[in-house]
Amino acid sequence: MLMRIHCLDRSPQPGYQSRLRFSHKSRIRAAAVTLLLSLLPMGKALAQHGQGPQYMYLLHCGGCHIENGSGMPPAIPDLRITMPKLASHDEGRAYMVQVPGASQAPVTDAQLTEIMNWMLRTFAEGTFRPYTESEVTQHRANKVLDILALRRQLIAENLEAP
């Protein structure tokens, strides 16, 4: 980048220091370059953060289930209530991956695995077996025709379990 420098005094006298003055455009360019260079490390961190499971949950699930998982019962289940019940059974674990919002989300199986495990840690109190990528791949491939009927069945069965 070239900066135009204007000398106020072209023939300084001995003992006199010449003063340099940068043009207004040069100062703006220098400030912009400095700002951009200072933001590079932050941009990389933001890009990596933007791909994390919490961000992906908010992007693909949070519109209905809300940021805190509360949903809009009865139409949209409260994850804080239903996830612990469903996560304790293999059928419930499969269901949570098979719901259209999860199975049809534009994410890879690895990313969906991260999202599901983040959701378990965040919304399901207790210790639950984390999802594996192969488990997510398997469940995601099995489409369910009536997801609402399956949800009602699984919750009813789980509520009656000892």
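Which residues in α5 are buried? Keep in mind that this is a predicted model. The buried ones are Gly 92, Arg 93, Ala 94, Tyr 95, Met 96, Val 97 and Gln 98. That is seven of the nine residues of α5, so the helix is largely enclosed by the rest of the structure.

Now a neighbour of that helix. Helix α4 covers residues 79-87, and α5 covers residues 90-98. Their axes come within 6 Å. They cross at roughly 130 degrees. The cut-off for roughly antiparallel is over 145 degrees, and roughly perpendicular runs from 65 to 115, so this pair counts as oblique.

Who makes the contact? From α4, Met 83, Leu 86 and Ala 87. From α5, Gly 92, Arg 93, Tyr 95 and Met 96. By class, that contact has five nonpolar residues, one polar and one charged.

Next, the largest pocket. About 450 Å³ of space lies in it. Its lining has 23 residues. Nearest the centre lie His 65, Pro 77, Tyr 95, Val 99 and Gly 101. Note Tyr 95: this residue is also part of the contact between α4 and α5, and it is buried.

Which elements give two or more residues to the lining? They are α3 (62-65), α4, α5, α6 (100-103), α7 (109-123) and α9 (147-160).

To recap: α5 is largely enclosed by the rest of the structure, it lies oblique to α4, and it gives two or more residues to the lining of the largest pocket.

Definitions and conventions. Residues numbered from 1 in each chain as written. Predicted model: local features only at pLDDT ≥ 70, side-chain atom pairs only at ≥ 80, totals over all residues. Heavy atoms only, no water. Axes fitted to C-alpha atoms, helices over the stretch in contact; angles between N-to-C directions. Helix = DSSP H or I, 4+ residues; strand = E, 2+ residues; numbered from the N terminus. Parallel < 35°, antiparallel > 145°, perpendicular 65-115°, else oblique. Contact = heavy atoms within 4.5 Å. Nonpolar A, V, L, I, M, F, W, Y, C, P; charged D, E, K, R; others polar. 1 Å grid on protein atoms, 1.4 Å probe; cavity = no way out; pocket = protein on both sides within 12 Å on 5 of 7 lines; lining within 4 Å. Points joined across faces, edges and corners; volume = space filled by probe spheres on them. Buried < 20%, exposed > 50% of the residue type's maximum accessible area, 1.4 Å probe, protein only.
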